[in-house]
Amino acid sequence: MAFLILLAPSIRREYHEYAPWWPVPAVVLTFGPPVWMMWASLRGDRVGVGRAAIACAVGYGIAAVTWPLAWNGEVLGEAPQPPWLGMIPGLPALALALVARMPVAAPYAVVTIVVTEWSEFTRIPGPTMLPQILSGAGFSLIYATAVRMLLRTAQLLDNTRRTSRELAVAASAKRAEADERARFDALTHDWVMSTLLSAARGPTDPAVRRQARDAIERLEGLRGGVLPDGTLDGEAVAAQLRSAVTSFDPLRSATIDVVVERDGDGEYPADAVAALGAATAEAARNSLRHAGADARRSVDITLLPAAILVVILDDGIGFDPARVPPDRLGVTAAIRQQMATVPGGSAEVNSAPGRGTRVTLRWAADDA
């Protein structure tokens, strides 16, 4: 666009040297696609940017190739400024570099540079045009190569971020599984093993029978609520979510008020409950780490017949969610991405400096 402004006097001055059908279409073909590209870029339309880049390269090529057909044959002998089309020979290379690799962009750029330099030396007699061709090609291809390297680096960064988020989600799920296994191991050690040792010493002792009965009831409680189709009932969901709140803090260094409300009975998919538990644990863990020692924390769990709502709230120091770096995966991956992996799941993080933090986790069945 800057070149269009700078070259406007040359375009107007050279108008009479060409057939009337060429100047206006040539300007539109050369500078129209970049305007389209700018508009698509501001809108975030990647497909539009790619199409505009191709149109930019093709439009410039058409203008360069049709130049000899429109030129009236007038040779200028005073060495004025070169034709306006020859002032921007690197435009096709830069445009094609956005959508094509260098083996495609470089030859096309060389061809357009040769055509434009030929047009310049046809109008203005002078020394050989080979140095000009080499200079234009070298100047243009350096920037085109830089564009390709930039795109490759950006793609590598995108892939790294995506892999990091996937690993963070997997680690969060693994952590939830480890918490559940630790609960089972503790029950096995504290009740099952102690009951077996007591039974070995005195199997007829009534106290041993009561202890064995309690151990069996606790074991049944671990799998209780798991329905035949793999879903969980409300009691099991409440137990798992309560466990998620405290699993990350075995020393109970923070007090977190947990309130569970139930409005009717329902059946809940195990994967949704697992994602809610992992995201809840991560939100509570973040609050413990960052909200401040004096912050008050609460977790409200609401179970509806076909939906679950979990709200993790603290009145700590808060933060600006818009300024969280992409590489901080606690909020991005372990909470938002965790819930996004479950059909019907979502997560919302609301916070501001000095105003605490509210994390809202939702799951709803498709027909809810």
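**Entry 1**

I started with Phe319, which I found in the loop between β3 and α10. A reminder to myself before going on: this is a predicted model. Is Phe319 buried, partly exposed or exposed? I noted a relative accessible area of 25% for Phe319, so it counts as partly exposed, the cut-off for buried being under 20%.

Next I asked which residues Phe319 touches, leaving out those up to four places away in sequence. My list reads Val324, Val349, Ser351, Ala352, Pro353 and Thr357.

**Entry 1: the segment after β5**

I then moved on to Ala365, in the segment after β5. Its relative accessibility is 21%, so I wrote it down as partly exposed.

**Entry 2: salt bridges**

Side chains of opposite charge can pair when their charged atoms come close. With that in mind I asked how many salt bridges there are, and the count came to 4.

I took Glu235 and Arg262 to begin with: they form a salt bridge, with the closest N and O atoms 2.9 Å apart. Glu235 belongs to helix α8 (residues 234–247) and Arg262 to strand β1 (residues 256–262), so this pair ties together parts that are 27 residues apart in sequence. On accessibility, I have Glu235 down as exposed at 54%, while Arg262 is partly exposed at 37%.

Then I turned to Asp315 and Arg296, whose side chains meet in a salt bridge at 2.9 Å, N to O. Where do these two sit? Asp315 is in the loop between β3 (307–314) and α10 (329–340), and Arg296 is in the loop between α9 (270–290) and β2 (297–304), so the pair ties together parts 19 residues apart in sequence. I noted Asp315 as partly exposed, at 39% relative accessibility, and Arg296 as exposed, at 64%.

My next pair was Glu348 with Arg362, a salt bridge in which the closest N and O atoms are 3.5 Å apart. Here the link runs between distant parts of the chain: Glu348 is in strand β4 (residues 345–351) and Arg362 in strand β5 (residues 357–364), 14 residues apart. Both ends came out as partly exposed, with relative accessible areas of 35% for Glu348 and 36% for Arg362.

**Entry 3: the largest pocket**

Rolling a probe the size of a water molecule over the atoms shows where empty space is left. I looked up the largest pocket and wrote down a volume of about 630 Å³. Its lining has 25 residues, and nearest the centre I found Phe3, Ile88, Gly90, Leu91 and Leu94.

Which helix gives the most to this lining? I found that α6 does, with 6 residues. Helices α2 (23–43), α4 (91–97), α5 (102–123) and α6 (130–201) each supply at least two residues. Sorting the lining by type, I counted 17 nonpolar, 6 polar and 2 charged residues.

**Entry 4: a stop on α6**

While on α6, I checked Met149, which lies in that helix. Met149 has a relative accessible area of 48%, so I marked it partly exposed, the cut-off for exposed being over 50%. I also looked at its C-alpha distance to Ala97: 9.7 Å, for residues 52 apart along the chain.

**Entry 5: the chain as a whole**

I finished with the totals. The secondary structure comes to 10 helices and 5 strands. Of the 368 residues in the protein chain, 37% are buried. Taking contacts between residues at least 6 apart in sequence, I noted that 72% join residues at least 24 apart. The chain exposes about 20900 Å², and carbon and sulfur atoms supply 61% of that area.

Definitions and conventions
Residues numbered from 1 in each chain as written. Predicted model: local features only at pLDDT ≥ 70, side-chain atom pairs only at ≥ 80, totals over all residues. Heavy atoms only, no water. 1 Å grid on protein atoms, 1.4 Å probe; cavity = no way out; pocket = protein on both sides within 12 Å on 5 of 7 lines; lining within 4 Å. Points joined across faces, edges and corners; volume = space filled by probe spheres on them. Helix = DSSP H or I, 4+ residues; strand = E, 2+ residues; numbered from the N terminus. Nonpolar A, V, L, I, M, F, W, Y, C, P; charged D, E, K, R; others polar. Buried < 20%, exposed > 50% of the residue type's maximum accessible area, 1.4 Å probe, protein only. Contact = heavy atoms within 4.5 Å. Areas by Shrake-Rupley, 256 points an atom, 1.4 Å probe, with all protein chains shown as cover.
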